[in-house]
Amino acid sequence: MARPRLGVVKFASCDGCQLTLLDLEDQLLGIAEQVEIVEFAEATSARSAGPYELLLVEGSVSTPEQAEAIVDLRRQAAKLVTIGACATTGGIQALRVFADHDAWRASIYPHPEWIESLATATPIADHVPVDAELRGCPIDPGQLLEFLTATLLGRRPRLPDEAVCLACKRAGSVCVVVAHGEPCLGPVTRTGCGAICPAFGRGCYACFGPRETANVPGLRRSLVVLGNAPADVDERFAGFTALAPPFARAAAAGLAAAAATGGDDARR
Amino acid sequence: MISATEAPAHGPGFLARKDLGALFALVRDDGRRLIGPTVRDGAVMLDELDGPDALPEGIRESQTPGRYRLEAGRPGRLFDHTVGPSSWKRWTFPPTVPVGTTRRDGAVVAFEPATPDAAPLAFLGVRACELAALAVQDRVLLGGPVADPDYAARRRSALVIAIQCTTAASTCFCTSMGTGPEVSDGADVVLTELDDGFVVTAGSRRGRELLERLPVRLATAEERDAAAGGVAAARAAVAANAGVAAPGLPSRLMAALDSPRWADVAERCLTCANCTLVCPTCFCTSVTQRSDLAGAETLSERTWDSCFTGSFAAVAGGNFRSRPQDRYRQWLTHKFATWVDQFGTFGCIGCGRCVTWCPAGIDVREELAAIAPPPRAVVTGMHLPAVTPAPDEAWLRPARVVATHRETANVTTLTLAWEGQVPGAGQFVMAGPPGFSAAPISVSRARRGAIEMTVRAAGPATAALTALGHGATVGVRGPLGRGWPLERMLDRNVIVVAGGIGLAPLRSLIEAIAAERERFRDVTVYLGARTPRDRLFVGELGAWSAAGIAVTETVDRAGADWLGRVGVVTHLFDHAERLPEGAVAAVCGPERMMEATVEVLRARGIPDERIFVTLERHMECGVGLCGHCQLGRFFVCRDGPVFSIAELGDAFGREGL
Amino acid sequence: MHGGEGRGAAGAGATTERRFDVGQLTRVEGEGSLRLRVRGGVVVEARLAIFEAPRYFERLVVGRRPDDVLDIVARICGICPVAYQMSAVHAFEALYRVDVDPAVRTLRRLLYCGEWIESHALHVYLLHAPDFLGFESVVALAQADRGAVERGLALKKTGNAIVALLGGRPIHPVSVRVGGFSRAPRPREMAALRPALEAAVEQALETVRWVAGLPTPDLRQVARLVALRHPDDYPMNEGRIVSSDGLDLPATDWEAAFREEQVEGTNALHARTLDGGAYLVGPAARVTLAGDRLHPLAAEALAATGLAGEIRVNPYRSIVARAVELVHAAAEARDIVAGYRAPETALATWRARPGTAAWATEAPRGLLFHRYEIDERGRVAEARIVPPTSQNQAAIEEALVTVAPGVLDVPEETARTRIEQLVRSYDPCISCATHFLDLTVEREP
């Protein structure tokens with residue numbers, strides 16, 4: 001039986017999520033035996049515009065060209081899976097929606113008219129239906145492997161939708177909120193990373209995005225009661241998954257409170 | 001080694017601190033890994049220890065809901081802490097344990113159960129409550145129709161060296177649950193720490209054999225007394241904490257499945273599952289699969305799970321517990337009610353970890369008291385037990401008037417020089433001119449060195465107060481009473497409603513909010529007065545607005561020169577746009593005005609738990625001894641004057657109470 | 001994004017026009033395109049067009065605090081996040097005059113060693129080596145020489161393990177903070193790395209031998225080389241900016257010698273010397289300008305190849321420079337781990353001050369310069385980030401001009417492969433440069 005055809009494509013992103021596939025060093029050659037990698041620009045010069053049994057999409061849509069390309073790709077893919085915070089929530093570059101995009105472009109590029117980009121950087125699901133998601137910034141290699149393995153075997157991938165706190169406590173890490181008063185977004189963030197940040201003595205910054213039943217007002221209140229300034233807590237949400245609906249309001253409030261000096265018209 | 005004549009076979013022994021290393025060496029020689037408490041990342045954690053130097057010397061903890069800090073304890077003491085977030089469950093019931101491996105080779109399939117890892121361990125420093133937790137888990141995991149083989153193997157092989165607590169954290173409630181601080185059984189060896197060593201007893205044959213191999217001598221009478229005294233001190237400390245009314249709790253709790261408090265706690269609960277994961281008795285798990293790419297070999301593992309996760313009660317058609325309040329109710333009722341039906345004990349052993357390690361600071365003791373309050377135990381009979389007297393509260397003392405300000409025709413604010421405890425917002429004082437009766441007066445502003453009380457001349461005593469001038473002496477007692485719960489208002493929208501003189505006790509609340517304005521959300525003050533000339537603190541309203549507090553006024557009736565609103569104060573928000581979500585309300589004014597206001601607030605969606613009023617009653621003493629201010633089961637002077645509508649219940653707004 | 005696939009043949013106009021389209025350059029990081037124009041047999045323009053979608057990082061960090069900036073700038077690149085964090089954190093600490101624990105300095109070098117190993121191993125084995133042996137991918141290469149590929153993957157895995165140990169994960173590590181690390185590794189954790197590092201040194205040495213023996217096209221390009229140089233160490237986090245033609249200035253003063261300009265048709269800014277000249281940063285520049293600071297094992301390995309002179313002038317030989325740096329990084333990492341003592345203070349305290357925070361470090365691909373203006377509130381008011389690939393673009397285009405005559409008369413496929421192989425020699429990291437590689441050669445009469 002023919003191996004399933006795998007494609008890996010990239011929009012506006014840092015490459016880290018695709019790289020996670022290449023970071024499965026022990027399994028990479030095995031994966032290449034189980035699937036046929038027909039399109040993966042970073043790793044192979046073999047090209048294919050489709051069809052794909054499985055298409056992994058990294059990055060958010062941030063140019064007019066990309067908005068068209070994703071529609072084509074959706075047609076070519078039996079199963080389209082978004083990987084990473086950019087593809088699933090827009091990513092850090094999505095924060096541009098809170099700002100004046102044209103002023104931004106002008107502030108970096110002396111000839112902004114030569115650059116074509118959208119005022120928004122949006123998740124893939126805003127443009128086409130998506131079959132599955134891997135969250136994270138970057139995605140977790142264990143979750144990627146679990147997804148690929150489960151897909152190949154026909155079982156449901158285990159990608160729990162629960163708080164980071166479970167991973168943190170299973171790992172035996174000390175809670176940075178309770179023991180240090182740190183603003184940690186773990187209780188409202190979806191697990192997947194293995195609770196790295198608390199293991200390294202800092203609070204979670206929600207790069208895996210919100211979990212189900214995320215009680216953002218409740219967490220915000222708890223962190224304020226423990227002594228954090230409300231504006232600081234809000235600013236925590238203005239990160240890599242800021243556009244996700246449970247976080248967006250707090251993120252906008254945080255950025256407004258931390259409004260930049262220097263004006264939007266600063267040029268080089 | 002000790003000779004037979006010195007062997008403490010007939011009484012507690014003593015192990016010097018310097019000889020603790022011998023215990024470690026012995027345990028290691030017996031092929032065991034020693035697990036005990038050690039400081040890591042700012043907490044006392046349980047971990048494998050190399051030697052006594054790893055124990056937390058001179059460390060104690062401060063534990064309150066949602067907050068844990070290490071502090072300096074008695075120098076040299078190794079066990080002045082209580083319990084940290086980790087429990088022995090980590091070793092008897094580890095977070096991830098293999099269950100079995102499935103091998104597939106073409107059509108041939110084999111299911112190989114995992115062999116338990118029974119590497120022998122020694123647990124050093126197991127508290128009485130934790131012994132109870134082990135016993136509870138034994139009933140769950142070994143006492144049912146099917147036993148868990150992994151747990152059985154680990155439990156059997158572990159050597160348990162218990163320590164009796166000689167300190168307690170504010171979150172401990174072992175005495176409520178009957179699990180401590182004294183160790184009864186379940187341990188191989190029991191230690192009680194003194195300044196220079198440990199009083200030791202054996203709890204099993206295995207323990208006795210261990211002690212015989214250590215430099216243990218017979219304990220002296222002083223040492224035995226000191227040990228007993230240490231444990232008694234722990235008991236007294238726990239008894240002073242808030243506790244749980246355990247007798248009858250299961251049926252009270254199951255009768256309260258529709259309590260409105262569940263929704264209230266759900267608003268605060270983050271369903272983060274921390275409580276279940278630090279709990280030493282929670283046992284819910286899931287089974288996960290990990291395969292190789294070809295599916296030839298799949299490892300199944302059992303991993304800690306929690307009833308707070310979204311998918312815990314999910315099935316193909318839906319979810320039995322989708323709402324946070326359903327999940328919280330499941331946890332609390334299981335721990336304190338249905339567990340009893342299942343296993344014959346409470347699930348909770350009173351260690352307080354769930355209280356400390358809840359980031360939202362939810363305290364199960366407080367929630368249980370609100371959801372399933374105990375009936376007060378009735379003491380009857382001729383020979384009633386003696387009461388230990390509470391400390392005396394000093395009578396009136398002199399305070400000097402340093403300023404006066406006439407607010408209205410019959411209301412004056414007196415500024416008094418003040419030494420001693422600064423009154424909290426909402427507290428009051430008993431005050432009167434020399435020779436007159438003292439009356440309860442609201443403290444309308446409190447600073448270090450001076451307080452302001454705002455008095456309405458309603459009778460001879462208060463009229464005389466309002467007539468006092470600079471330099472006069474007033475007799476005062478206080479600060480008294482329970483003030484406004486500012487911590488319940490943090491990061492919330494706040495609505496303040498004041499009618500007439502009712503603004504006096506609310507002014508201190510408004511100023512406390514203005515001083516830390518950014519820690520609150522939207523704050524709106526609604527003021528009502530009879531006429532424009534009856535308005536209080538008129539000159540300060542501008543400052544409140546400038547601090548970001550919205551102020552809206554109305555008067556009942558006015559002349560032509562009043563350009564503001566006219567009408568009763570409830571009209572100000574009765575027809576306003578939606579009241580802010582999650583708001584807290586603070587109300588004061590004439591009783592009728594408060595009743596009407598509470599009705600409107602309730603109708604607009606603010607739950608009784610978050611509406612606070614301050615009550616005025618006839619008071620003679622101010623400290624709960626004269627009987628005049630009784631309201632139902634409360635003494636307004638000491639249980640109030642600030643109350644939530646939820647706790648007042650029927651007592652509020654009822655004619656003739 | 002998916003600009004057309006490679007096609008040869010004539011475009012509009014004259015029959016002498018020859019166009020090379022590499023629709024999307026593969027086996028580089030990011031997206032870019034190239035256009036070659038030939039008039040009368042002479043190449044008159046070679047344009048590298050990067051249209052990786054811009055993400056405006058220099059604007060995203062405005063208004064943020066330095067510790068948040070460290071998390072944000074890592075996301076500029078998934079392959080070299082540590083480089084961005086290192087340039088930024090040193091810039092802030094220079095302005096705030098923070099004295100980090102000496103062990104923290106060592107740990108930061110170890111962290112960078114980990115990233116160099118991961119990045120160089122990725123490039124050598126997965127992105128570049130397939131070109132030399134005529135394979136389209138590392139998977140295809142593995143079918144012919146599985147041992148080599150496994151060696152490369154093992155090296156990459158070790159590099160990732162170092163970064164993960166210090167930073168929590170290899171991509172976008174979490175522990176780098178102003179003042180040091182939010183938590184330093186525990187000695188037990190460090191010791192666990194030792195076997196992998198011992199193996200890594202051997203694997204790196206074998207890599208040098210392997211790449212030195214690969215069939216390599218010849219090309220002469222004498223570029224102006226720029227790198228950091230440090231009195232004691234092979235340059236990573238510290239040093240002065242030096243060049244092959246006498247430049248020598250503090251790392252904070254990059255703008256005194258270089259500038260950026262925007263070129264139409266590309267989303268990345270190009271960096272040039274103030275007098276408009278092209279220059280080259282990266283392993284070839286470092287090995288040439290700071291080769292005397294290489295770890296002895298690396299210096300020996302380089303000497304044994306006899307290719308030090310070639311590295312200087314033949315871009316295709318950069319793969320050897322990269323392999324030599326693999327030896328250096330593996331050996332230095334091994335030495336650091338063997339002598340590890342945890343810092344007394346993993347995270348120093350500091351106070352923000354307003355002012356200019358600037359610094360340059362050596363990312364795997366070359367010099368990476370950051371400058372931030374910090375305002376009175378301790379937040380970023382303005383940012384400038386100059387990645388190595390922006391600095392190499394002019395040199396890449398010059399090299400393409402140099403190579404073009406040699407490919408116009410060879411078969412389509414060969415030409416395309418050789419040009420791509422050349423571009424890959426510069427290990428462009430295009431997401432960094434913000435800046436999609438698409439090769440178009442138009443020949444005009």
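This report walks through a predicted model of a complex, from confidence scores down to single residues.

## Ground rules and confidence

Residues are numbered from 1 along each chain as its sequence is written, while chains are lettered from A and ligands numbered from 1 in the order in which they are written. Since the model is predicted, local features need pLDDT of at least 70 and side-chain atom pairs count only at pLDDT 80 or more, whereas totals for chains, interfaces and linings use all residues; side-chain values use heavy atoms, with hydrogens and water left out.

For the complex, the predictor reports an ipTM of 0.92 and a pTM of 0.87. Chain C has an average pLDDT of 88, and 87% of its residues score at least 70 (pLDDT is the predictor's confidence in each residue, from 0 to 100). Residues 1–15 of chain C fall below 50, and that stretch makes 35 contacts in the model beyond near neighbours in sequence (a contact means heavy atoms within 4.5 Å). Residues 434–445 of chain C are also below 50, with 90 contacts beyond near neighbours in sequence.

## Chain A overall

Chain A holds 12 helices and five strands (DSSP runs numbered from the N terminus: helices are H or I with at least four residues, strands are E with at least two). Of its 268 residues, 65% are buried (buried means under 20% relative accessible area, exposed over 50%, partly exposed in between, with a 1.4 Å probe and protein chains only).

The accessible surface of chain A is about 8600 Å², and carbon and sulfur atoms account for 53% of it (areas come from the Shrake-Rupley method with a 1.4 Å probe; for residues, only the protein chains shown count as cover). Take the contacts in chain A between residues at least 6 apart in sequence: 71% of them join residues at least 24 apart.

## Inside chain A

Strand 4 of chain A (residues 77–83) is largely enclosed by the rest of the structure, because five of its seven residues are buried. Its parallel pairing with strand 3 of chain A (residues 52–58) runs over six bridges (two strands pair if DSSP finds at least two bridges between them). One bridge joins Leu55(A) to Leu80(A) in strand 4 of chain A.

Ala206(A) is worth a look for its backbone: phi is near 65 degrees, a positive value in a residue other than glycine. Most residues other than glycine have a negative phi, and most peptide bonds are trans. Ala206(A) sits in the loop between helix 9 (196–199) and helix 10 (216–225) of chain A, and counts as buried at 2% relative accessibility.

## Chain B: domains and a sheet

Chain B splits into domain 1 (13–240), domain 2 (249–371), domain 3 (397–480) and domain 4 (486–614); these bounds come from an automatic or database domain assignment. Taken over C-alpha atoms, the centres of domain 1 and domain 3 of chain B are 56 Å apart.

Chain B also has an open sheet of eight strands with mixed pairing, in the order 3-2-8-9-10-11-1-12. Strand 3 (43–48) and strand 12 (217–218) of chain B are the edge strands, each pairing on one side only. Strand 12 pairs antiparallel with strand 1 (residues 13–16) of chain B over two bridges, and Phe14(B) has Arg217(B) as its bridge partner there.

Just past the helix, Gly344(B) adopts a positive phi of about 80 degrees.

The Gly180(B)–Pro181(B) peptide bond is cis, with omega near 0 degrees, and Pro181(B) belongs to the loop between helix 5 (174–177) and strand 10 (189–193) of chain B. Another cis bond runs from Gly640(B) to Pro641(B), with omega near 5 degrees. Asp491(B), not a glycine, has a positive phi of about 55 degrees; at 3% relative accessibility, Asp491(B) counts as buried.

## A pair in chain C

Thr414(C) is part of helix 14 (residues 412–425) of chain C and counts as partly exposed, at 34% relative accessibility.
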